[in-house]
Amino acid sequence: NGPDDKPDLKTIRAFAANSTQGINYKANSWHSPMVTIGQRVNFMVLVWENGVALQDCEEAPISPVVVDLTPSFKNLRESKL
């Protein structure tokens, strides 16, 4: 978080995952919703909420960000279960 406790765009990171991987966000982490590139898929999301609006979901507007995922996709392989 930045000094104002809002997202610090200098530390923004992106990653790519395959269909056999799960994503787990650290508590109090600013994050974007998950998105797909190239095809439509279903997500399952588990979330814990305590009923306090600013603790359950706080939104912060940010400037547009462009992320190059080419390096991530180059090494991403679909695992076989």
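Helices here are DSSP runs of at least four residues, numbered from the N terminus. The model is predicted.

## Overall make-up

The protein has 2 helices and 0 strands. It has 81 residues, and 4% of them count as buried. Its accessible surface comes to about 8,000 Å². Carbon and sulfur atoms hold 53% of that surface.

Contacts also tell us how the chain folds back on itself. Take the contacts between residues at least 6 apart in sequence: 69% of them join residues at least 24 apart.

## The nonpolar patch

Which residues make the nonpolar surface patch of about 730 Å²? They are Phe15, Ile23, Tyr25, Met34, Val41, Phe43, Val45 and Val47.

Two members are worth a visit. Tyr25 sits in the segment before helix 1, and that helix spans 53–56. Tyr25 has a relative accessible area of 33%. A residue needs over 30% to join a patch, so Tyr25 can take part. Its label is partly exposed.

Phe43 also lies in the segment before helix 1. Its relative accessible area is 44%, which makes Phe43 partly exposed. Set aside its neighbours within four places in sequence, and Phe43 is in contact with Met34, Val35 and Thr36. Met34 is itself listed in the patch. Phe43 can also be placed against Ser19, 24 residues away along the chain. Their C-alpha atoms are separated by 9.7 Å.

## Salt bridges

Side chains of opposite charge can pair when their charged atoms come close. How many salt bridges does the model contain? The count comes to 2.

One joins the side chains of Lys6 and Glu58, with 2.8 Å from N to O. Lys6 lies in the segment before helix 1, while Glu58 lies in the loop between helix 1 and helix 2 (70–74). The pair therefore ties together parts that are 52 residues apart in sequence. Lys6 is partly exposed at 32% relative accessibility. Glu58 is partly exposed too, at 34%.

Lys10 and Asp8 also meet through their side chains in a salt bridge, with 3.5 Å from N to O. Is Lys10 buried or exposed? Lys10 counts as exposed, at 72% relative accessibility. The cut-off for exposed is over 50%, so Lys10 passes it. Asp8 has 23% and counts as partly exposed.

| Residue | Relative accessible area | Class |
|---|---|---|
| Lys6 | 32% | partly exposed |
| Glu58 | 34% | partly exposed |
| Lys10 | 72% | exposed |

Start with Asp5. Asp5 is in the segment before helix 1. Its relative accessibility is 48%, so Asp5 counts as partly exposed. What is the phi of Asp5? Phi is near 70°, a positive value in a residue other than glycine. Most residues other than glycine have a negative phi.

Now Ser63. Where is Ser63 placed? Ser63 is in the loop between helix 1 and helix 2. At 46% relative accessibility, Ser63 counts as partly exposed. Ser63 and Leu9 are 54 residues apart in sequence. In space, Ser63 and Leu9 are 8.7 Å apart, C-alpha to C-alpha.

Definitions and conventions: Residues are numbered from 1 along each chain as its sequence is written. This is a predicted model: local features need pLDDT of at least 70, side-chain atom pairs count only at pLDDT 80 or more; totals for chains, interfaces and linings use all residues. Side-chain values use heavy atoms; hydrogens and water are left out. Patches are made of residues with over 30% relative accessible area and no salt bridge: like charges are joined within 9 Å, nonpolar side chains (Val, Leu, Ile, Met, Phe, Trp, Tyr) within 5 Å. Accessible areas come from the Shrake-Rupley method with a 1.4 Å probe; for residues, only the protein chains shown count as cover. A salt bridge is a side-chain nitrogen of Lys or Arg within 4 Å of a carboxyl oxygen of Asp or Glu. Buried means under 20% relative accessible area, exposed over 50%, partly exposed in between (1.4 Å probe, protein chains only). Contact means heavy atoms within 4.5 Å.
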